Amino acid sequence: MEEYKIEMLGIRKEFSGLVANDDITLQLRKGEIHALLGENGAGKSTLMSILFGMYQADKGVIKIDGEEVNITDPSVATKYHIGMVHQHFKLVEIYTVLQNIILGVEPRGFMGFIDMNKARKRVTELIDRYGLGVDLDAKISDITVGMQQRTEILKMLYRDNDVLIFDEPTAVLTPQEIDELMEIMRGLKKEGKSILFITHKLNEIMAVADRCTVLRKGKCIGTINTSDTTIEQLSEMMVGRKIDLNIEKKDPTIGKEVLRVENLVVADKVHKKNAVNDVSFNVRQGEVVVIAGIDGNGQSELVYSLTGLSLVKSGHIYLNGQDITKVSVKRRNESGMSHIPEDRHKHGLVLDFTLSNNSVLELFEHKEFNTLGFINQKNVKAYTDQIIENFDVRSTQGASTISRSMSGGNQQKAIVGREISRDTDLLIAVQPTRGLDVGAIEYIHNRLIEQRDNGKAILLVSFELDEVMNLADRILVMHEGELVGEFEYNKVTRNELGLYMAGAKKDEVNAIKEGKNGQN
Amino acid sequence: MDKIKSFFARLIRKDVFKTLLTSFSCALVGLLIGFIILLIVSPEASLKGFKTLALGFLDVPTKYGLRLESFAKTLTRTAPLIVSGVAILVAYKAGLFNIGASGQFTMGVFAALFMALVWHLPWYLCMLGAVIFGGLYGAIVGVLKAFLNVNEVISGIMLNWIGLYFTSMIIKQNSTMWDSIKYETIPIERVSPGSLIPTLGLDKLFNDYKYITIGIFIAIIVAVFYYIVIEKTTLGYKMKATGFNKNAAKYAGMKEKLNIVIILALSGSLAGLSGALLYLTGIENWYCPTNVPSMGFDGISAAFLGGLSPLGSILSSFFITHITIGGSRLDTSFYSPEIAKVVTGVIIYLCAFVLFIKDQLNKRILKKDRELGLELLKPNDNGDNNIKEETKEEESIVPNEPSLKEEEVNK
């Protein structure tokens, strides 16, 4: 008989008639790394919520160390030493690493004061044992995302957790940091911890996991040993059909310059430094220029300033040769810019509007939709129906569906459809596939490439290396507000890109820059 | 039977019907609580008192045309409330809470009275003056909000008081306006009859009740006009987009700051018009109160009870005025005069629950739909969509961990 740390047997959970988990069985062995694979909405989060006692399962049992348990609320889960690193870290930014680690379980000393020395001693022991080097006295706001993640791991270890759950831990990391994380996970496994690793990245599963359980649409597709499977098989299990994210694209036919950015500087809203520092580049007709980089390195600010959502400190932006640096958002829209925003709920949609109202967000004053100040609902609906058809936007009531009630993927398709339908010279897309399932990603990628082949200029900001490698004709790497590298798409490896993204090659780049200046 | 059931099921999913249903139930519950208060204060007079309250002008004897007169009075006082309600909801549609409507109302009253009593201008110019003054006063709130990020509720409340004392200061020093013996403004009728809103013979219809004017028609026209503006025009579209999501409005190239100023100016102009509609009838004289006039606040109730629709606010304003007048007729030998205000106050405040009740109703309908296999609303073809939305909210599983979200800390 095998020894299981945690068993979730025949779990079923319904939300007012919709089955989120249907007879799911997940068995975590002691000292193994077990991957939980599935698309968005496959039921991973629900399953974990049940394990943590946030929800009660309608059917099924949970066993810990072979004993049936009833996890009624999160504190019970904590009692059984289950810990989790969330995708978005739960850290207090203004506290130090040490303070964050002991938060909530502070060792008490004389008169009830916190015994910092005792805490430090224990944490240092843990660091040495697991090789989790991190500066205990640095503030969270000053350290890298990778270090923040280590802090989260230390938090779990400090609480003597035996079961460690990682929720999409690699989404925010550079390739190098991902390798380090894998190493750490192997170390934890060696020390006898059981790890549950939630992800949708297949190569990571193959690299580190022992076994993998695949969920699809709330159902358990199966559990397999990673040594007996291939990436292709896993992907088919996850999606239910064969998916090919590698796009076959023609060589670009490059035309004239559409967007030119010169020495752009954008101030940071929080810190004193510049969010975007002296950035220059261009985008031409018929090419996809991708700005690669880790989230938070000035990409958002760059796009905000290009699209007119925020002000520029210095530098110039030219669209089709015209200086648009200080022009309003509306004028930019009219002179040939469209924008798929990073945050579809904040900027992309008015969620309480119907789909048809949303599809003319920029165009409602256009002649076609505006008769003497009145909205021409007939034309708006016809236009929306066209977007719905062309971009496969699925909703309950067609054009009159309230956008809020649509799924994330379809909301995104609606935005992509709206922006592409405007047929502008320049399309700026920021993370257009964030949080979407593989099918939708494939679809949106194809539509972007189609636009490029139609001779449009496309500027894509992406944090996903796969997306960068797949779509780019030219890659710009951004690090701490500066462009630190520019490559033709086939002249750079993933690893090199990773190093540039992490800023490791920055000094080299600067040296070259200075050298160039010297020659001039 | 099934037919009736399915008819009702479809009906209850119509937005208009939902609004009507919730508004009526709120009004009913309000009346019920009013009755309970009457019962507690004086059980023996409660039935009669409730009748007086609920029936309003209908309880007035028909003798000598008194009932007709009371009806005319209700209409006269309904008019400014309709416009005040529209003022609130216009701003509310754009995501702004114009609690400064009372101050804008005061400015409107001031402008109308000044132009009538000092300059003896005809009524339509006085009304225009009130609209402009109220609008400018509303624009101040808008400018503060849009460009200096001052919360419109705070600046609105402060400007209410500023407006009140500013107008009192000018009016009381001006002997052409102020009757210092009666301690109120001089009746317009006496110095400039042409400044009163014309009756167009309406008074003949209502037993020579001289305060009834075409104001009620003006109010209804304004409500219908704003209904069209909000629902059908690009201006309304912009307003709603800004109100629902100002980031998206900005993203789409709308000038969201200018929109805020325009909307609060519009709202203010309506509040100002409301002032003109009340005081240019001569039904009462301005006594320079030391408290902010309640018209702007009553407008909030009218707007909400009317389901935030200009057309709804016509009905709700009539109802509110109706019970207010009923309340003022309560038998004072059993009830102190304040009781009327308490009862009407309770009813009016309950009206604000309309949105809450509607929300609950919507949730129940949604649940029913899911349970019934979604007969009326066909589900998405990929059925896991709704789960996705639901699980997303629950993504943060925090076992007993004191944690702060990043944004909160940054603040």
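Visitor: Which residues does Tyr489(A) touch, not counting residues up to four places away in sequence?

Guide: In this predicted model, Tyr489(A) touches Ala472(A), Asp473(A), Arg474(A) and Ile475(A). Tyr489(A) and Leu476(A) are 13 residues apart in sequence, and their C-alpha atoms are 9.8 Å apart in space.

Visitor: Where does Tyr489(A) lie in chain A?

Guide: Tyr489(A) sits in the loop that runs between β22 (482-488) and α17 (494-501).

Visitor: Why is Tyr489(A) called partly exposed?

Guide: The general idea is to count neighbours: 20 or more other C-beta atoms within 10 Å make a residue buried, and 12 or fewer make it exposed. Tyr489(A) is partly exposed because 19 other C-beta atoms lie within 10 Å.

Visitor: What is the order of the strands in the open sheet?

Guide: The order is β16-β19-β20-β13-β21-β22 in chain A, with mixed pairing. The edge strands, β16 (337-340) and β22, each pair on one side only. From one strand to the next, the twist averages 20 degrees.

Visitor: How many bridges join β16(A) to β19?

Guide: Four bridges join these parallel strands. Met337(A), for instance, has Leu426(A) as its bridge partner in β19(A). Helix α14 (residues 408-421) packs on the sheet, touching β16 and β19 of chain A.

Visitor: How many residues of domain 3 of chain A are in contact with domain 4 of chain A?

Guide: Twelve residues of domain 3 contact eleven residues of domain 4. On the domain 3 side, helix α15 (residues 438-453) gives the largest share, five residues. That side divides into six nonpolar, four polar and two charged residues.

Terms used. Residues are numbered from 1 along each chain as its sequence is written. Chains are lettered from A and ligands numbered from 1 in the order in which they are written. This is a predicted model: local features need pLDDT of at least 70, side-chain atom pairs count only at pLDDT 80 or more; totals for chains, interfaces and linings use all residues. Helices (H or I, at least four residues) and strands (E, at least two) are DSSP runs, numbered from the N terminus. Two residues are in contact if their C-beta atoms, placed from the backbone, lie within 7 Å. Ala, Val, Leu, Ile, Met, Phe, Trp, Tyr, Cys and Pro count as nonpolar, Asp, Glu, Lys and Arg as charged, and the others, Gly among them, as polar. Two strands pair if DSSP finds at least two bridges between them. Axes are lines fitted to C-alpha atoms, for helices over the stretch in contact, and angles run from 0 to 180 degrees between N-to-C directions.
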